[in-house]
Amino acid sequence: MDTIKFVIENYVNEEFDYALPTINIYINDRDLIDLISEVEHKLFTADRKTIVRSSYIGYETVNFERFHREMQGRKTYPRSVLLTCTCTIPECNCIMADISIETKTVTWSGLKSPWLGGATPNAFMEEAEAQALGWEPLSYAELGPFIFDREQYFSVLEEIISEIQRQKL
């Protein structure tokens, strides 16, 4: 079974000289951003020696309520948003997944970026309609499905939410 943890870390934008506390996701002790970057690097370049970090960050901690809903599978869009764009707006660029909550497990499957892969659909569009317009999603098939123990998953989710709420006091 896969393991998950949520960690508050600063996203530092050196170009504009600011830092944002974000909730980063680690699966099996690997940063989800790095896992996504590796897949995109393979898709975008022939040179696989250099890993290019993607333009994703975790949720800003100020958006912890949306993060909490999304991680519970209570999604805003057709899939739950896992990572947002470095501009912090999920509608700009993001990574989404289907989150299925069962009696003993939580499964993340079907990882996708709704913005990469041809004609750009919008986040409110059903996938079949976007594909009819020429969108072909990048394949993140080598990632997942991720299957987490439900108890462990919700325990770390509630821990990070509590930590953020304590910091706000």
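Leaving aside neighbours within four places in sequence, phenylalanine 64 is in contact (heavy atoms within 4.5 Å) with Ile23, Ile161, Ile164, Gln165 and Lys168. The model is predicted: local features need pLDDT of at least 70, side-chain atom pairs count only at pLDDT 80 or more, and totals for chains, interfaces and linings use all residues. Residues are numbered from 1 along each chain as its sequence is written, and side-chain values use heavy atoms, with hydrogens and water left out.

**Exercise 1.** State whether phenylalanine 64 is buried or exposed, and place it in its helix.

*Solution.* Step 1: phenylalanine 64 lies in helix α2, residues 64-71 (helices are DSSP runs of H or I, at least four residues; strands are runs of E, at least two; both are numbered from the N terminus). Step 2: its relative accessibility is 6%, so phenylalanine 64 counts as buried (buried is under 20% relative accessible area, exposed over 50%, partly exposed in between, with a 1.4 Å probe and protein chains only). Step 3: its C-alpha atom is separated by 9.0 Å from that of isoleucine 160, 96 residues apart along the chain.

**Exercise 2.** Give the strand order of the open sheet and explain which strands are its edges.

*Solution.* Step 1: the order of the five strands is β4-β6-β7-β8-β9, with antiparallel pairing (a pair needs at least two DSSP bridges). Step 2: β4 (56-57) and β9 (146-149) each have a single partner strand, so one side of each lacks a neighbour in the sheet.

**Exercise 3.** Describe how β7 is joined to β8.

*Solution.* Step 1: five bridges link β7 (residues 95-101) with the antiparallel β8 (residues 105-112). Step 2: isoleucine 99 has tryptophan 108 in β8 as its bridge partner.
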